[in-house]
Amino acid sequence: MGFATLTQGRIQGTASEACFGELRTNNKMQPELMYKRNRSRLAATVRSKAGPGGRLLAAGAVAAGFLFHSANGSIASGSHYAAANLPRGIKGSLLADDTRPLPSFIADIRGGDIEHYDTPGTSSSSVPSLEFAHGTTTISFIFQGGIIAAVDSRASLGSFVGSKTTQKVLPVNSHILGTMAGGAADCMFWIRKLKSQALLHELTESSRMSVARASRLLSNALYQNRGLGLSVGTMVMGFDEDETPKIYYVDNTGVRIEGDQFAVGSGGTFALGILDTERRHGLSEDEAIALGIKAIRHATFRDAYSGGFINVFLITKDGWKK
């Protein structure tokens, strides 16, 4: 049998391969049994469908296949070579139940596709990974005058700084904000989707969506899509209509945690060192803003993935302001 080559998704080969049709394997039968079965099938089919000339041709082909099989130890049945010159109906009946085993380099081909392909001298492990490290620093904390949210503005792709002016705080409604940490596209999409749901809630219920409800909707959506490789670490914070400040941490696994202080991102550890030391509930607005700036600035000194300028947002019972 001639060697088959793969060109533009189609199998091309020598004339002896044109009769094979669909290539497939079946290792349940021994080679000798398959040869005898194919030879018997050919003889029966020829007697029923071929005339005297076809019978003579088939008999010669079977004899030639037998000699080829005996001389070369080949497992291929002579009926395959005879079928190439038989009428279309006979050839189709022979090839429909073809069960002979094929060499490994042919058995891997299915309809023009190669299931296992390795270029000599390379392996699949040499393909570079497309996973890049994400980095940022975002913090939030509650004090007596409201909530402070402070973030940096650097967007990084591994060691490459993609942007120095990224807005990492996105509004959900007039009293709720969401921060971005992780994949910029993932965070932006889900927070904006949450914003549309909050607006729909206001239109249908004639009241603002609560912080707890907003964080729960986001948590449920991320949990349902947890197997898609999303990268989201966000803080949903704001005031409810009863003037209660709340902060929730939500990530791509569906985790939802309520607290009065959070730091998310690669520089969060450094920022927490400042917050744990200097944060007090009785801070004034100016002191709280200064503390947020200080925490982010110290994080950018030690974390290479954080930098740019510092954005600070203040949320009170009257709404948020930058």
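Let me start with one residue. Ser-206 counts as exposed, because its relative accessibility is 67%. The cut-offs are these: under 20% relative accessible area is buried, over 50% is exposed, and partly exposed lies in between, with a 1.4 Å probe and protein chains only.

A word on where this comes from. The model is predicted, so local features need pLDDT of at least 70 and side-chain atom pairs count only at pLDDT 80 or more, while totals for chains, interfaces and linings use all residues. Residues are numbered from 1 along each chain as its sequence is written, and side-chain values use heavy atoms, with hydrogens and water left out.

Back to Ser-206. It sits in the loop between α6 and α7. Those labels are DSSP runs, numbered from the N terminus: helices are H or I with at least four residues, strands are E with at least two. The phi of Ser-206 is near 60 degrees, a positive value in a residue other than glycine. Glu-243 also has a positive phi, near 65 degrees, and is not a glycine. Its place is the loop between β11 and β12. Glu-243 counts as partly exposed because its relative accessible area is 48%.

Now the whole chain. It has 9 helices and 16 strands. Of its 322 residues, 40% count as buried. Contact here means heavy atoms within 4.5 Å. Take contacts between residues at least 6 apart in sequence: 64% of them join residues at least 24 apart.

On to the sheets. Strands of a sheet pair through backbone hydrogen bonds, either parallel or antiparallel. Two strands count as paired if DSSP finds at least two bridges between them. For angles, axes are lines fitted to C-alpha atoms, for helices over the stretch in contact, and the angles run from 0 to 180 degrees between N-to-C directions.

β12 (residues 245-251) and β13 are antiparallel and share 4 bridges. Val-250 has Arg-256 in β13 as its bridge partner.

Next, the largest nonpolar core. By a nonpolar core I mean buried Ala, Val, Leu, Ile, Met, Phe, Trp, Tyr and Cys residues joined through side-chain atoms within 4.5 Å. The largest one has 20 residues, and Trp-190, Leu-218 and Val-236 are among those with the most contacts inside it. β9, α6, α7 and β12 each supply at least two of its residues. Ala-214 is another with the most contacts in that core. Leaving aside neighbours within four places in sequence, Ala-214 touches Ile-176, Leu-194, Met-209 and Val-236.

Now another sheet. This one is open as well, with 5 antiparallel strands in the order β14-β5-β6-β15-β16. Why do β14 (261-264) and β16 (319-321) stand at the edges? Each has a single partner strand, so one side of each has no neighbour in the sheet. The twist averages 15 degrees from strand to strand. β15 and β16 pair antiparallel over 3 bridges. Leu-314 stands opposite Lys-321 in β16. Helix α8 packs on this sheet, touching β5 (138-143) and β14, with its direction about 155 degrees from that of β14. Helix α9 packs there too, touching β5, β6 (146-151), β15 and β16, at about 155 degrees to β5.

Thr-316 is in strand β15 (residues 311-316). Thr-316 counts as buried because its relative accessibility is 17%. Not counting residues up to four places away in sequence, it touches Gly-145, His-175, Phe-239 and Glu-285.

Last, the helix pair. For classes, Ala, Val, Leu, Ile, Met, Phe, Trp, Tyr, Cys and Pro are nonpolar, Asp, Glu, Lys and Arg are charged, and the others, Gly among them, are polar. The axes of α8 (residues 268-278) and α9 (residues 285-302) come within 7 Å and cross at roughly 145 degrees. Among the residues that meet are Phe-270 and Ile-274 in α8, and Leu-291 and His-298 in α9. This contact has 7 nonpolar, 1 polar and 3 charged residues.
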